[in-house]
Amino acid sequence: MMAKLIYSAISSLDGYVADAEGNFDWSVPDEEVHTFVNDLERPIGTYVYGRRMYEVMRYWETAPTGISEQSAEQEYAEIWQAADKIIYSRSLETVSTAKTWIEREFDPKAIQQLKAAAARDISVGGPTLAAQALRLGLVDECHLFLSPIVVGGGTQAFPDKVRLELQLLDERRFGNGVVHVHYRVKG
């Protein structure tokens, strides 16, 4: 069975992962949402990022993990550290995290081969790289966490001029007003 390529994003209600100033502090998940995210991320074997997303996510490489009563954040750090990471970047010289390597060009054939060979699902992170994967029809599922805020502009979760037919697989409401929607990409 082929691994799935999954795009996950925390978005404002109006569809932005960061506001016009590049801020995304409004998207920080609370313990309930973070625990749910951990359950979704646990089966991921490989994270695929662009440079900017990698620079945000590499925080998890050194986030504390060994405290006796484990929080959702500590558990996520362990999940993230255990996974392989592929960074697509022409400008990044080196990586500062384990189990990580750089690819200079986003190659759809390489992603298809990775999906065919992988024993675990693959996550594409960051809207710029995800846009390429979505345009090329590589994404199998989308997990969106819609935050109860309208930011009025910024970095879009989904690219312009891409049409996707989606099948709703699941949804969930959280106490903090976040709504999770899980879609399969038809086609």
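Predicted model: local features only at pLDDT ≥ 70, side-chain atom pairs only at ≥ 80, totals over all residues.

Biologist: Why is R184 called partly exposed?
Modeller: The relative accessible area of R184 is 34%.

Biologist: Where is R184 found, and which residues does R184 touch?
Modeller: R184 belongs to strand β10, residues 179-185. Leaving aside residues up to four places away in sequence, R184 touches D140, E141, E165, L166, Q167 and L169.

Biologist: What makes the pair R184 and Q167 a polar contact?
Modeller: Their side chains are joined at 2.5 Å, and a polar contact needs N or O atoms within 3.5 Å.

Biologist: How do you know that K4 and D121 meet in a salt bridge?
Modeller: The N to O distance between their side chains is 3.8 Å. The cut-off is within 4 Å, so the pair counts as a salt bridge. K4 lies in the segment before β1 and D121 in strand β6, so the bridge ties together parts that are 117 residues apart in sequence.

Biologist: Why does D121 count as buried, while K4 is called partly exposed?
Modeller: D121 has 18% relative accessibility, and buried means under 20%, so D121 counts as buried. K4 has a relative accessible area of 29%, which falls between the 20% and 50% limits, so K4 is partly exposed.

Biologist: What other partner forms a salt bridge with K4?
Modeller: That is E141, with the closest N and O atoms 3.2 Å apart. E141 is in strand β7, so this pair ties together parts that are 137 residues apart in sequence. E141 counts as buried because its relative accessibility is 8%, against a limit of under 20%.

Biologist: How many salt bridges does a search of the whole structure find?
Modeller: Eight. One of them joins E105 and R90, whose closest N and O atoms are 3.0 Å apart. E105 sits in the loop between β5 and α5, and R90 in the loop between β4 and β5.

Biologist: Why does R90 count as exposed?
Modeller: R90 has 66% relative accessibility, and exposed means over 50%, so R90 is exposed. E105, at 46%, is partly exposed.

Terms used. Residues numbered from 1 in each chain as written. Heavy atoms only, no water. Helix = DSSP H or I, 4+ residues; strand = E, 2+ residues; numbered from the N terminus. Buried < 20%, exposed > 50% of the residue type's maximum accessible area, 1.4 Å probe, protein only. Contact = heavy atoms within 4.5 Å. Polar contact = N/O pair within 3.5 Å; in protein donor to acceptor, adjacent residues only side chain to side chain.
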